[in-house]
Amino acid sequence: MAYHFDTQCVHCGNHADPVTGALTTPIYQTSTFAFKNADEGARRFRGEEEGYIYTRLGNPNHTAVEEKIAALEGGEAAAVAASGMGAIASVLWTALSGGDHVVAAKSLYGCTFSLMSHQFPRFGIETTFMDLTDLAAVKAAMKPNTRLIYCESPANPTMDIADIAALAKIAHENNAILVVDNTYCTPVIQRPIALGADVVVHSATKYLNGHGDIIAGVIVGAKEFIGRVKMEGLKDLTGATLAPFDAYLLLRGMKTLHIRVPRHCETALRVARFLEKRPEVAKVWYPGLDSFPQKELAAKQMKYFGAIIAIELKGGLDAGKAFINNTHLWTLAVSLGDAESLIQHPASMTHSALSDEELKAAGISKGLVRLSVGLEAPEDLIADLEKAFEAVAVACSAR
Ligand SMILES: Cc1ncc(COP(=O)(O)O)c(C=O)c1O
């Protein structure tokens, strides 16, 4: 029987320990696994027998997380990685070869952009960064050697929404695959595989874990592809293996995903509505606002509107700096999806690897401030922002 999503969050991947009966998956803190005899070891290496070999190739704590995230994303299989970037690099190194072409969103997490834009040319891989909301332009950009379309939706940090079903169709008509970074949403909000995507990646550092105490990544997709990601990507190329203890924490965090994410989103909508009314704010990007240009598409493919908000202050960079320097409950820190609300400045922090021209092309202005709405009381978060706005007024009038 297929259980509901909430039940899957709690139970999938959790198996009572067969030796002691411990209900919570124990931490298998080991680098290697003993074989009963030489033939068993040889069979495992040949892939003829299931079983663990060496933690870079797999560990029971990995398996538990993989079973849970594969079920939640509705994919056949999953792989865990040491970070979101480890997951992304493992997917790209597995799927691409020299001479291939990638179509990618113009606005992406800074290191993903940097990997494709600054590093891939060294290996003969070309990437066209473009506005994926223009589907006719995406169709026109596809080439015979295009292997992959890559997007985040909403994008980090501009909140552009990619039409996942339409992009999957374009990818498949051109013998390519669609890879979606679902970090901002989690499967509570959006399930890209059901919309046609081939591979989903996450920075599990964020909402999946939800407690800000590990760096981790996951990859979900077809069994055959995930098998290749494990052998070619994780084992041979990136070696981005998650530590067993971190996998244990990730599994624990994911048990409450269905409770945490809706609460993050409810508070975010209240904060976004508050920000939109403030005279100091020039623009708010949040998919749940009526003013958001792609609200209809967001509502079509997302159950909630997420908990990341981008704003631009009328006073530009100086006002933005004064604002983030004067919040107290909102911690000035990169990352997102933690219980604590965070605030940061993408141009000088998460997207600092981009040149001025690249920032402009990606639609990231110098004054853009990104907020990750946590799990505190909305009233306290709003009161803290009110105080920060007062400090902005003082700082700007002093100039
Ligand atoms: C959307 C997105 N993808 C990928 C990453 C990279 O993940 P990690 O920091 O876990 O390597 C981040 C990190 O902020 C992100 O925001």
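The points below take the domains and then the backbone.

1. The model is predicted, with local features needing pLDDT of at least 70 and side-chain atom pairs counting only at pLDDT 80 or more, while totals for chains, interfaces and linings use all residues. Residues are numbered from 1 along each chain as its sequence is written.

2. The chain is divided into domain 1 (5–254) and domain 2 (259–397), with bounds that come from an automatic or database domain assignment. Taken over C-alpha atoms, the centres of the two domains are 27 Å apart. The contact between them takes 29 residues from domain 1 and 34 residues from domain 2, where contact requires C-beta atoms, placed from the backbone, within 7 Å.

3. On the side of domain 1 that touches domain 2, helix H5 (110–119) and helix H8 (186–189) each supply at least two residues, and H5 gives the largest share, four residues. Helices (H or I, at least four residues) and strands (E, at least two) are DSSP runs, numbered from the N terminus.

4. The loop between strand E4 (146–152) and helix H7 (164–173) holds Pro-154 and also Pro-157. A cis peptide bond joins Ser-153 and Pro-154, with omega about -5°, and another joins Asn-156 and Pro-157, with omega about 0°.

5. Asn-175, which is not a glycine, has a positive phi of about 55°, and Thr-186 in helix H8 has a positive phi near 65°. Asn-175 counts as exposed, with 11 C-beta neighbours inside 10 Å, whereas Thr-186 is buried, with 27 other C-beta atoms within 10 Å. Buried means 20 or more other C-beta atoms within 10 Å, exposed 12 or fewer, and partly exposed in between, with C-beta atoms placed from the backbone.

Technical notes. Two residues are in contact if their C-beta atoms, placed from the backbone, lie within 7 Å.
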